[in-house]
Amino acid sequence: MIVLLPVFRPSFRLVELLTGLGAGMPVVIVDDGSGTAAASIFDSARGRGATVLSHPVNRGKGAALKTGVAHIADVWPGRGVVCADADGQHSVEDIRRVAQHAEVTGRITLGARRFGSGTPLRSRFGNLFTAALFQAVSGTKIRDTQTGLRAFPATLLQWLLTVPGDGFDYEMQMLLAALEQGHPIDEVDIATTYIDGNSSSHFGALSDSARVYRPLLRSIARR
């Protein structure tokens with residue numbers, strides 16, 4: 001599988017992740033309009049063999065994922081994709097396990113976090129509420145609807161490009177579309193890691209939450 005990392009203003013944790021992955025899994029990074037401040041980090045990533053694609057301006061996580069998926073489908077036909085965050089939340093071991101599960105089963109595979117006592121309250125309750133709302137709307141229980149660690153078999157890459165959404169809403173749209181179109185979804189337990197209270201996240205509590213919930217509300221309205 002090919003590792004896809006959508007990033008915006010990354011830290012050197014990105015380089016640490018690449019070091020841990022080594023040469024066994026090709027890596028595609030999509031710089032979603034970080035500007036010149038992160039130039040040295042992307043230079044280091046290229047030096048470790050990663051492919052770095054760039055958006056001249058910030059277009060959103062969904063747009064970055066689509067850019068990476070389209071590139072991978074073109075350059076590595078027949079290879080699946082495992083998408084991960086590059087801020088230290090996902091370990092190399094978990095990335096490999098989620099990717100392997102998708103390769104073996106041919107199913108969409110989510111890395112499902114356990115929201116225990118060390119989880120920031122905003123993240124814990126936000127994820128629990130979203131999971132409950134998702135189940136009420138879709139009829140399917142998914143424990144971690146907002147995980148950034150997701151693997152897809154090669155047969156679904158073109159489908160991923162058809163899912164609407166350019167921001168954080170894209171990942172929710174993807175789950176709803178998968179269930180509507182009969183693509184099975186598995187979950188694999190992964191570690192829950194929050195660094196400095198998840199301060200590196202670029203998720204806007206109000207604006208991005210509204211985008212995430214909008215697809216769910218539209219599904220309710222269609223009933």
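Let's start with Asp31, which is found in strand E2. Strands here are DSSP runs of E, at least two residues; helices are runs of H or I, at least four residues; both are numbered from the N terminus. This is a predicted model: local features need pLDDT of at least 70, side-chain atom pairs count only at pLDDT 80 or more, and totals for chains, interfaces and linings use all residues. Residues are numbered from 1 along each chain as its sequence is written, and side-chain values use heavy atoms, with hydrogens and water left out.

Is Asp31 buried or exposed? Its relative accessibility is 7%, so Asp31 counts as buried. Buried means under 20% relative accessible area, exposed over 50%, partly exposed in between (1.4 Å probe, protein chains only).

Now its surroundings. Asp31 touches Val7, Phe42, Leu53, Ser54 and His55, not counting residues up to four places away in sequence. Contact means heavy atoms within 4.5 Å. Val7 sits 24 residues away along the chain, yet the two C-alpha atoms are separated by 5.3 Å.

Next, Asp94. This residue lies in helix H4, residues 92-105. At 5% relative accessibility, Asp94 is buried. Leaving aside neighbours within four places in sequence, Asp94 contacts Leu149, Asp189, Ile190 and Ala191.

Last, helix H3. Its buried residues include Leu65, Val69 and Ile72. The buried residues of H3 pack against several elements, among them strand E2 (27-32) and helix H7 (169-180).
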